[in-house]
Amino acid sequence: MAWDEWEQLKTQAAGRQSDQMQLNRVPDEGGGGGGGSYGDLKASETDLAKIGTNAFKLFNRLWDEARVAGPSSSKAAEDLKTQGFELGAGLAHVAKRWDEQLGSLRDACSHISNHMRVTKKIHKDDEHYITGQLSSIATLDSGFDERVGEAGAKNKIYGENKKDEKDKD
C-alpha cells in the first residue's frame, strides 16, 4: 500500500469518526438520544473466569505458535551475515524485536489471567464492607429522622425495649 493511499484512508476514517462520536452530551428531552441506561457496573464471577481462562489460553498459544523467531531465525541471520549479506543484520534485529514484543504480550496475558482470579473476591469483599457501612448509616439516620415516628414517641426502628414491656404489666 502506498503512503499516499494510507494517508487518504486515515483522513477518511477520521472524518467518519468525528461525525459519529459525541462525548459529554445530555440526552434529548423525552428520553431519546443516549441509547443506554446508567447503572452499576456488573461482572459476574463467570464472566471474569472466562476472561482469565481466555488470557491463559492465549498465553500458552503465543508460546506454542508465535515463537517463529527462535534459534532457526538467529542461525539464519548469522549464516547470512557470514556470507556477506546485509539482510542478516536486519533479520537478527527483527528476530530480537519479535522475541521482546512476544515476551511483553505474554506478560500482559499472564497479568490479565492472574488479575481476573482475584478481582471478583476483592470486589465482593468491598461490596460487603460498603453495604455494611451504608446500612448502619441508614439506621442511625432514621433514629434522628422525625418523619419516622411521632415527636416524643420511641422510634420503631430500634424495636421494642424489654424494660418498657415490663412497665406495661
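User: Taking a contact to mean heavy atoms within 4.5 Å, what share of the contacts between residues at least 6 apart in sequence joins residues at least 24 apart?

Analyst: This is a predicted model, in which local features need pLDDT of at least 70, side-chain atom pairs count only at pLDDT 80 or more, and totals for chains, interfaces and linings use all residues. Residues are numbered from 1 along each chain as its sequence is written, and side-chain values use heavy atoms, with hydrogens and water left out. Among contacts between residues at least 6 apart in sequence, the share that joins residues at least 24 apart is 55%.

User: Which pattern does the protein follow along the sequence?

Analyst: Helices (H or I, at least four residues) and strands (E, at least two) are DSSP runs, numbered from the N terminus. The protein has five helices and zero strands. Read along the sequence, the pattern is α-α-α-α-α.

User: What percentage of the 169 residues counts as buried?

Analyst: Buried means under 20% relative accessible area, exposed over 50%, and partly exposed in between, with a 1.4 Å probe and protein chains only. Of the 169 residues, the buried part is 11%.

User: Is Trp3 buried or exposed?

Analyst: Trp3 is placed in helix 1, residues 3–20. Its relative accessibility is 60%, so Trp3 counts as exposed.

User: How far apart in space are Asp47 and Met116?

Analyst: Asp47 lies in helix 2 (residues 45–65) and counts as partly exposed because its relative accessibility is 38%. In sequence, Asp47 and Met116 are 69 residues apart. From C-alpha to C-alpha, the distance in space is 9.4 Å.

User: Which residue forms a salt bridge with Arg61?

Analyst: A salt bridge is a side-chain nitrogen of Lys or Arg within 4 Å of a carboxyl oxygen of Asp or Glu; the structure holds five. Arg61 is partly exposed, with a relative accessible area of 49%. With the closest N and O atoms 3.1 Å apart, the partner is Glu65.

User: What is the N to O distance in the salt bridge of Glu100 and Arg97?

Analyst: Both residues lie in helix 4 (residues 87–144), three residues apart, about one turn of the helix. Glu100 is partly exposed at 35% relative accessibility, and Arg97 is partly exposed at 38%. The N to O distance is 2.8 Å.

User: Which residue lies over the face of Phe59?

Analyst: A charge sits over a ring if NZ of Lys or CZ of Arg is within 6 Å of the ring centre and within 35 degrees of the ring normal. At 3.9 Å from the ring centre of Phe59, the residue is Arg106.

Notes:
Contact = heavy atoms within 4.5 Å.
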